[in-house]
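Reader: I have a structure to go through. Can you walk me through it in short answers?

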Amino acid sequence: MNQRDVIIACDFSSAAATFGFLDRFTGRKPFVKIGMELYYAEGPSIVREIKARGHKIFLDLKLHDIPNTVKKAMAVLSHLDVDMCNLHAAGTIDMMRAALEGLTRPDGTRPILIAVTQLTSTSEERMRRELLIDASINDTIIHYARNAKEAGLDGVVCSPLEAGMVKEACGTQFITVTPGVRFADGEVGDQVRVTTPSRAREIGTDYIVVGRPITQAADPVAAYERCIREFVE
Ligand code: C5P
């Protein structure tokens, strides 16, 4: 059985804003996601500082390059001691295998490595017209997820509504990490295919990534604890 957890998307533009937010969490230390904006603004020190405060970190940089370059970049992220990182499955099975090699430390341990299949911003129509992928979006997602599994990766990022079919194709141990989570009585914002933390739990996803419903809440700690109650406990 995989471990369920709530990951807070820390989509802030500076270390000061991030620490101002994280300072509120005096009890349970949330698992946090650092994305491109914050990482490119603050560099690796932001990872070290958040780690030193006792948080687990999902570094969401979505690597996609030739296998050798990705392998070397992953070795750097592994030394940074992140807990989870990701890449684009479109980089091929060879690239994903190289990434795993780079990520694995001399003692055999490594961060969780997951793949992005098709971004949720990519429509089936654009995939066909611009990327010349002549398959349905669901078939593409499943195919890429199977490639990730074949390469030895731990799982994929997907919409909560896709998590069931990914588990069916790749097995229950294959991790799904799902953004697009909203409280039943909350605002949806720009997310389209959303689900609640309790429904995500029923679907069987392993990690939910929650941003604005926590970061923009009047009481972020209470919103986080509500996610934990609905999804984890
Ligand atoms: O604020 P919100 O809960 O919508 O944040 C969701 C987080 O998950 C953001 O960091 C967003 O970039 C990320 N994400 C997403 N959809 C994807 C992949 C990542 O919303 N398909």
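Reader: How many residues are in helix α4, and how far does it reach?
Author: Helix α4, residues 67–79, has 13 residues and reaches 19 Å from its first C-alpha to its last. That is close to the 18 Å expected at 1.5 Å a residue. The expected span is 1.5 Å times one less than the number of residues. Helices are DSSP runs (H or I, at least four residues), strands are E runs of at least two, and both are numbered from the N terminus.

Reader: Where do these values come from?
Author: This is a predicted model: local features need pLDDT of at least 70, side-chain atom pairs count only at pLDDT 80 or more, and totals for chains, interfaces and linings use all residues. Residues are numbered from 1 along each chain as its sequence is written, and side-chain values use heavy atoms, with hydrogens and water left out.

Reader: Which residues of α4 are buried?
Author: V70, M74, L77 and S78. Buried means under 20% relative accessible area, exposed over 50%, and partly exposed in between (1.4 Å probe, protein chains only).

Reader: What covers the buried residues?
Author: The cover includes α2 (36–42), β3 (57–63), β4 (84–88), α5 (93–103) and β5 (112–116).

Reader: What comes just after α4?
Author: D81, with a positive phi of about 65°. D81 lies in the loop between α4 and β4. Its relative accessible area is 36%, so D81 is partly exposed.

Reader: New topic. Which residues touch the most others in the largest nonpolar core?
Author: V6, M74, L87 and I214, out of 65 residues. A nonpolar core is a set of buried Ala, Val, Leu, Ile, Met, Phe, Trp, Tyr and Cys residues joined through side-chain atoms within 4.5 Å.

Reader: What is I214 in contact with?
Author: Leaving aside neighbours within four places in sequence, I214 is in contact with V6, I8, F21, F25, P220, A223, Y224 and C227. Contact means heavy atoms within 4.5 Å.

Reader: Last one: is E162 buried or exposed?
Author: E162 counts as buried, because its relative accessibility is 6%. E162 lies in helix α8. Beyond neighbours within four places in sequence, E162 is in contact with I141 and R193.
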